[in-house]
Amino acid sequence: MATNDSDNLKPQTDIDDAACFDNIYRAHVQDMYSYGIRLGIPADTAEDFIQDIFVRLLLNPGRISEVKNMKAYLMFAMKNHWQNHLRDSKHLVDITDKGADFSVEESALDCIIDNEERARVSKRLNRMLTALTPRQREAVFLRYIYGLPYEDVAQLLEMSIPSARNIVSRALRQMRNCDSEALMFFYFFFHFFMRG
C-alpha cells in the first residue's frame, strides 16, 4: 500500500508553524487512536497518550525534522508510551510478550458495505484474522490497513525486515487456507479502497 503524502508531512520552517503542526495532528490522530485501541489501550488512555506525544513534539521541535515517516514514528511512539505505562504501573504483564492481544474490530469496512453484507463479510474476515497469532494480526494490520512499509513494520514489531516479510507472508498463507474467498476480498478492498 502506498504511503500517504501526509506520512512525510513536515514543517517547512519550524514546528512553531501552527498550521503545519495541526496538519500533522489531523493526518495521523485517527490512525494513532485506532492502533492504540487495537493494542488494548483503553479509549480515554489512548487519547491521553496522543496528547502527551504531541506535547512532547511541541516541546522538542527538532525531532520532527529527523523523522522519515511520520505515521510510523507516531505509531511507534504510541506503542512505546503504552509499554512505558505498563512498566510504570507495575502491571504483572510481560511487555516483551510477543503474544499480547491485538484486536481485529472492524474499521474501514463500515464506510463502503451495506449492513447485511458488512455483517457477513466482517464475520468471515474476523474468523480469518482471529485464526492468526496476535503478532501476525498486528503485522497484517500495520502493513495493509495502516499502509506501512516493511521497514516500519519491522521496527514496530522489533524484528528484522526479512522476519517482518515472513510473518506477513505466513499470515496471508494462513488466511488463504482459512477462507480464500474472504482473503480475495481483503486484497481487493485494501488495494483499491485504502490506496486512495
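**Reading the predicted model**

Tutor: Let us begin with Glu158, which is found in the loop between α7 and α8 (161-178). Bear in mind throughout that this is a predicted model.

Student: Which elements of the chain have the lowest and the highest mean pLDDT?

Tutor: The chain as a whole averages a pLDDT of 76, and 67% of the residues score at least 70. The pLDDT stays under 50 over residues 1-16, where the model has 37 contacts beyond four places in sequence, and again over residues 92-96, where there are 3 such contacts. Among the elements, the lowest mean, 59, belongs to helix α9 (residues 180-192), and the highest, 94, to helix α7 (residues 150-157).

Student: Is Val153 buried or exposed, and what is its relative accessible area?

Tutor: Val153 lies in helix α7 and, leaving out residues up to four places away in sequence, touches Ala139, Leu142, Arg143, Leu148 and Ala164. Of these contacts, Arg143 is 10 residues away in sequence, with a C-alpha to C-alpha distance of 6.6 Å. Since buried means under 20% relative accessible area, Val153 counts as buried, with a value of 0%.

Student: Is Lys79 buried or exposed?

Tutor: Lys79 has its place in helix α4, and its contacts, apart from neighbours within four places in sequence, are Tyr35, Leu39, Glu138, Leu156 and Leu157. Its relative accessible area is 10%, so Lys79 is buried.

Student: At roughly what angle do the axes of helix α2 and helix α4 cross?

Tutor: Helix α2 covers residues 43-59 and helix α4 residues 70-88, and their axes come within 10 Å. The crossing in which α2 passes α4 is right-handed, and its angle is roughly 115°.

Student: How many nonpolar, polar and charged residues does the contact of α2 with α4 have?

Tutor: From α2 the contact is made by Ala46, Phe49, Ile50, Asp52, Ile53, Phe54, Arg56 and Leu57, and from α4 by Tyr73, Leu74, Ala77, Met78, His81, Trp82 and His85. Sorted by class, the contact of α2 with α4 has 11 nonpolar, 2 polar and 2 charged residues.

Student: Which kind of aromatic pair do Tyr35 and Tyr146 form, and how many residues apart are the parts that it ties together?

Tutor: The structure holds 3 aromatic pairs, and in the one formed by Tyr35 and Tyr146 the centres are 5.9 Å apart with 85° between the planes, which is edge-to-face. Because Tyr35 lies in helix α1 (residues 18-38) and Tyr146 in the loop between α6 (134-145) and α7, the pair ties together parts whose separation in sequence is 111 residues.

Student: Why is the pair of Phe49 and Trp82 classed as it is?

Tutor: Phe49 in helix α2 and Trp82 in helix α4 are 33 residues apart, and their pair links distant parts of the chain. Phe49 and Trp82 are both buried. The ring centres are 6.2 Å apart and the planes stand at 50°, so the pair is tilted.

Terms used
Residues numbered from 1 in each chain as written. Predicted model: local features only at pLDDT ≥ 70, side-chain atom pairs only at ≥ 80, totals over all residues. Heavy atoms only, no water. pLDDT = per-residue confidence, 0-100. Helix = DSSP H or I, 4+ residues; strand = E, 2+ residues; numbered from the N terminus. Contact = heavy atoms within 4.5 Å. Axes fitted to C-alpha atoms, helices over the stretch in contact; angles between N-to-C directions. Left-handed = near helix turned anticlockwise from the far one by under 90°. Nonpolar A, V, L, I, M, F, W, Y, C, P; charged D, E, K, R; others polar. Buried < 20%, exposed > 50% of the residue type's maximum accessible area, 1.4 Å probe, protein only. Phe/Tyr/Trp six-rings, centres within 6.5 Å; stacked < 30°, edge-to-face > 60°.
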